[in-house]
Amino acid sequence: MSATHGTTGIATWDDGSAGHSFRVVPAAYVFLRREGQVLLQLRQGTGFRDGHWSAAAAGHVEADESVREAAVREAREELGVVVDPADLVPVTTMHRGEPGGPALEQRVDFFFTATRWAGSPQIREPAKVADLRWFPFVALPEPVVPHELVVLRALHDEGRHGTRVPPILTDGF
């Protein structure tokens with residue numbers, strides 16, 4: 001793996017495993033929903049947007065794992081709930097990144113909702129989560145991780161005035 005510094009001066013990496021220079025990190029997000037509410041976690045100790053509210057379950061897709069498998073795994077690991085893959089409703093895909101930034105910040109995020117699961121959501125990673133709460137879509141807390149807030153607002157507005165969540169969103173380009 002080699003680090004290079006482009007015209008931005010920001011270090012980027014290239015492990016040589018792909019035949020082109022652009023790579024993305026895939027992640028799965030699960031918004032648990034009930035009666036006009038969404039379950040969010042308050043981030044801490046992660047180094048990314050600590051002090052912000054975010055999806056209660058989210059994380060990188062691991063090697064040899066589908067995005068649905070990652071979503072199910074993250075819900076189990078982070079919340080202690082079991083979500084049947086058939087109960088994951090795809091919402092949108094977001095391509096986001098920092099142009100010229102490090103490869104780790106070139107992302108494709110897959111957002112799902114679920115209204116059915118087994119178990120009671122609880123904080124399973126207390127070093128990374130300061131709080132876990134249900135919020136009405138009409139009264140989301142502040143601050144929310146910005147790219148996730150875009151999706152949460154779109155979910156709130158879905159169906160109102162004939163709007164839909166766009167199937168593909170971009171952020172940072």
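This is a predicted model: local features need pLDDT of at least 70, side-chain atom pairs count only at pLDDT 80 or more; totals for chains, interfaces and linings use all residues.
Trainee: What volume does the largest pocket have?

Mentor: About 620 Å³.

Trainee: And how many residues line the largest pocket, and which lie nearest its centre?

Mentor: The lining has 26 residues, with Arg43, Ala58, Gly59, His60 and Glu78 nearest the centre.

Trainee: Which element gives the most to that lining?

Mentor: Helix H1, residues 67-79, with four residues. Among the other elements that supply at least two residues each are strands E3 (25-34) and E4 (37-43) and helix H2 (146-157).

Trainee: How does the lining divide into nonpolar, polar and charged?

Mentor: Eight nonpolar, six polar and twelve charged.

Trainee: Switching to rings. How many aromatic pairs are there?

Mentor: The count is four. In one of them, the ring centres of tyrosine 29 and phenylalanine 111 are 4.3 Å apart and the planes are at 25 degrees, so the pair counts as stacked.

Trainee: Where do those two sit in the chain?

Mentor: Tyrosine 29 is in strand E3 and phenylalanine 111 is in strand E8 (residues 107-114), 82 residues apart.

Trainee: Buried or exposed, tyrosine 29 and phenylalanine 111?

Mentor: Tyrosine 29 and phenylalanine 111 are both buried.

Trainee: Why is the pair of tryptophan 53 and phenylalanine 135 called edge-to-face?

Mentor: Because the planes are at 75 degrees, with the ring centres 4.9 Å apart; the cut-off for edge-to-face is over 60 degrees. This pair links strand E5, with tryptophan 53, to strand E9 (residues 129-136), with phenylalanine 135. Tryptophan 53 and phenylalanine 135 are buried.

Trainee: Which residues do ring pairs link into a cluster?

Mentor: Tyr29, Phe31 and Phe111.

How values were computed: Residues are numbered from 1 along each chain as its sequence is written. Side-chain values use heavy atoms; hydrogens and water are left out. On a 1 Å grid over the protein atoms alone, a cavity is a set of points where a 1.4 Å probe fits but cannot get out, and a pocket is an open set with protein on both sides within 12 Å along at least five of seven lines; lining residues have an atom within 4 Å of a point. Grid points are joined across faces, edges and corners, and a volume is the space filled by probe spheres set on the points. Ala, Val, Leu, Ile, Met, Phe, Trp, Tyr, Cys and Pro count as nonpolar, Asp, Glu, Lys and Arg as charged, and the others, Gly among them, as polar. Rings of Phe, Tyr and Trp (its six-membered ring) pair if their centres lie within 6.5 Å; planes under 30 degrees apart count as stacked, over 60 as edge-to-face and the rest as tilted. Buried means under 20% relative accessible area, exposed over 50%, partly exposed in between (1.4 Å probe, protein chains only).
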